[in-house]
Amino acid sequence: MIEPGISEISSFLKEKVAGFRNDPISYHEGKVISVGDGVARVAGLPGCLYGELLEFRGCVYGMAMDLSADGLGAVLFDNADTVAIGDTVLGTGRVAEIPVGEKLLGRVVDPIGRPMDGKPLEADRFLPAERPAPSIIQRRPIDTPLETGILAIDSMIPIGRGQRELIIGDRQTGKTSIALDAIFNQKDTDVYCVYCAIGQKASSIAYTVQTLRENGAMDYTVVVASPASDSPATQYLAPYCACSIAEGFMQKGADVLVVYDDLSKHAVAYRAMSLLLHRPPGREAYPGDIFYLHSRLLERSAALKEEFGGGTITALPIIETAGGNISAYIPTNVISITDGQIFLENELFHSGVRPAVNTGLSVSRVGKASQHKAMRGVSGTLRIDLAQYRELAVFTRFGSDIDESTGRQLRRGECLVDLLKQGKGRPYSLFQEVSVLTAYRADVFLGTPSKEVPARLEKMFAYLHRRCASLEKIVNAHGEMDDEEFEELKNAIAAFGAQTQQ
Amino acid sequence: MREAIVTVASNFSDENYERLREGLLRRLGGDIVFRRVEDESVVGGFILRLDGIVCDMSLASQLKKLGKELADD
């Protein structure tokens with residue numbers, strides 16, 4: 001590059017300055033009439049957009065929520081201490097935006113897009129937080145599985161790319177663990193992940209980020225965090241921002257997994273905001289548009305047609321119930337919006353069945369289309385087997401004499417329950433999942449005491465890894481196997497069973 | 001009666017202020033009371049506030065605008 005000389009610079013400047021027109025700079029200005037509880041009433045600012053960012057004195061930002069002829073109601077994002085009556089308010093002409101793109105990977109940001117991990121963030125692309133959902137024309141049917149690495153889910157409640165699957169359960173039943181395991185399992189795949197923490201304790205968020213980092217998951221994950229100390233407005237914005245970040249990846253044709261942890265707290269934050277804005281309360285004091293709040297968020301998950309980019313957003317919203325009551329207001333809302341739910345039960349969790357998935361109440365409405373062929377072949381009767389076992393177990397609880405076939409069915413059921421138990425942070429590959437189910441069907445683990453099942457499973461995985469290495473590769477890569485290959489797997493598992501028979 | 005607030009630097013002479021006031025009154029129509037506010041950050045020129053609309057003719061803002069235009073190219 002040629003360095004410009006001083007004369008060139010000065011002539012350039014002269015030209016620019018000569019061409020400068022000192023037109024008046026005119027804009028609208030509002031005035032704060034009242035402020036309190038994170039909500040400010042502002043007079044003036046005609047032509048303000050719904051959801052427009054407003055700048056208050058002292059670099060405090062707010063969002064215009066209630067527009068009326070005589071002014072507007074704005075929710076404040078930051079501490080409102082510095083906002084006083086009579087302060088001037090400026091419209092920014094922009095709605096709330098969030099930086100998107102690959103530069104966010106590995107980062108923790110707040111819903112305003114400010115980095116929370118102490119490093120600078122250079123973003124080149126921004127998207128508004130609120131965006132319309134893809135239209136019907138742009139969507140295609142869900143046909144690709146999203147593997148969570150959790151056997152109970154991948155076999156019985158399969159999740160497809162572009163699906164919305166709710167994780168619902170009481171507190172301390174492993175909801176976040178399932179979501180995190182699903183994120184860990186996307187390692188070495190082409191799936192990006194976005195984890196959105198809404199209204200959680202800052203300590204929990206720090207722990208989650210730490211766990212993600214330790215498992216090497218931050219390389220392909222963005223965390224959007226709005227801890228409980230944030231204003232309701234910030235918490236309200238968080239999932240929409242997370243979704244926009246996901247859409248930033250989806251527009252480039254990528255597959256994205258988004259976890260909203262959790263939407264019950266999001267609903268509570270929105271309720272607080274609405275009540276402070278004097279919107280009329282409805283059932284349980286939630287505002288009238290509480291259903292729309294979540295439906296417009298979850299509708300933005302989609303599987304796009306190839307000509308529209310071809311990306312997908314899979315959403316795993318989380319809802320916390322109280323006392324296992326899934327028929328409360330917010331849970332029923334979100335259940336009806338999503339394409340299925342994974343119901344986690346306290347009782348199961350404490351009896352040692354982890355993940356504590358209640359297979360009777362859990363469902364995936366996308367179904368077998370979102371399952372690998374290899375898995376489809378071996379998981380067919382699993383749900384029925386489990387349901388029959390549970391029914392039998394209840395009936396025979398007090399009976400002493402059980403006939404031979406009933407006893408066998410009970411033992412097989414117990415064995416299946418043991419096989420479906422899976423440690424936290426120990427995802428199975430597709431081949432491993434298929435081999436566990438094949439082993440169950442061949443009764444290889446029948447009679448193995450519960451405590452010894454995990455160790456024996458690991459032994460089987462190691463054995464199969466040695467003996468069927470090429471088959472393992474084929475199944476993991478293509479998700480299907482022909483009859484011959486299936487026969488090979490069955491033989492290997494039978495041989496393992498015979499070899500380690502107690 | 002509408003109130004117009006004119007912000008000027010403190011060295012803005014009374015004579016100039018009077019001329020400005022008359023000029024503005026002629027353009028904006030009558031029925032306006034003017035209030036003079038002094039603010040050093042204006043540097044030169046004036047800022048007029050009327051009915052929630054701000055018209056900024058201050059030297060400070062104009063220079064800022066010029067600086068931005070030069071930086072953008």
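Where in chain A is the place of A:Asp262? In this predicted model, A:Asp262 sits in the loop between strand S14 (255–261) and H6 of chain A. The peptide bond that joins A:Asp261 and A:Asp262 is cis, with omega at about -5 degrees.

Along its principal axes, the C-alpha trace of chain A spans about 95 × 65 × 40 Å. The chain holds 16 helices and 17 strands, and 44% of its 502 residues are buried. Of the contacts in chain A with a separation of 6 or more, 72% are between residues 24 or more positions apart. The domain assignment divides chain A into domain 1 (30–95), domain 2 (98–371) and domain 3 (377–499). The centres of domain 1 and domain 3 of chain A, taken over C-alpha atoms, are separated by 60 Å.

Helix H6 of chain A, which spans residues 263–276, packs with helix H5 (residues 232–250) of chain A. The two axes come within 8 Å and cross at roughly 135 degrees. The crossing in which H5(A) passes H6(A) is left-handed. On the side of H5(A), the contact involves A:Pro232, A:Ala233, A:Gln235, A:Tyr236 and A:Pro239; on the side of H6(A), it involves A:His266, A:Ala269, A:Tyr270, A:Ala272 and A:Met273. By class, the residues of this contact comprise 8 nonpolar and 2 polar, with no charged residues.

H13(A) contributes A:Leu430, A:Phe431 and A:Val434 to the contact, and H15(A) contributes A:Glu472, A:Val475 and A:Asn476. The residues of the contact of H13(A) with H15(A) divide into 4 nonpolar, 1 polar and 1 charged.

Backbone geometry in loops was also examined. A cis peptide bond joins A:Arg354 and A:Pro355, and its omega is about 0 degrees. A:Pro355 is placed in the loop between helix H9 (346–350) and strand S17 (363–364) of chain A.

Positive phi values in residues other than glycine were found in chain A and in chain B. Phi of A:Asp188 is near 60 degrees. This residue lies in the loop between helix H3 (175–184) and strand S12 (191–198) of chain A. A:Asp188 has 8 other C-beta atoms within 10 Å and is therefore exposed, the cut-off for that class being 12 or fewer. In chain B, B:Asp51 has a positive phi of about 55 degrees although it is not a glycine. B:Asp51 is placed in the loop between strand S3 (45–50) and strand S4 (53–58) of chain B. Because B:Asp51 has 13 C-beta neighbours inside 10 Å, it counts as partly exposed.

Conventions
Residues numbered from 1 in each chain as written. Chains lettered and ligands numbered in written order. Predicted model: local features only at pLDDT ≥ 70, side-chain atom pairs only at ≥ 80, totals over all residues. Axes fitted to C-alpha atoms, helices over the stretch in contact; angles between N-to-C directions. Helix = DSSP H or I, 4+ residues; strand = E, 2+ residues; numbered from the N terminus. Left-handed = near helix turned anticlockwise from the far one by under 90°. Contact = placed C-beta atoms within 7 Å. Nonpolar A, V, L, I, M, F, W, Y, C, P; charged D, E, K, R; others polar. Domains from an automatic or database assignment. Buried ≥ 20, exposed ≤ 12 C-beta atoms within 10 Å, placed from the backbone.
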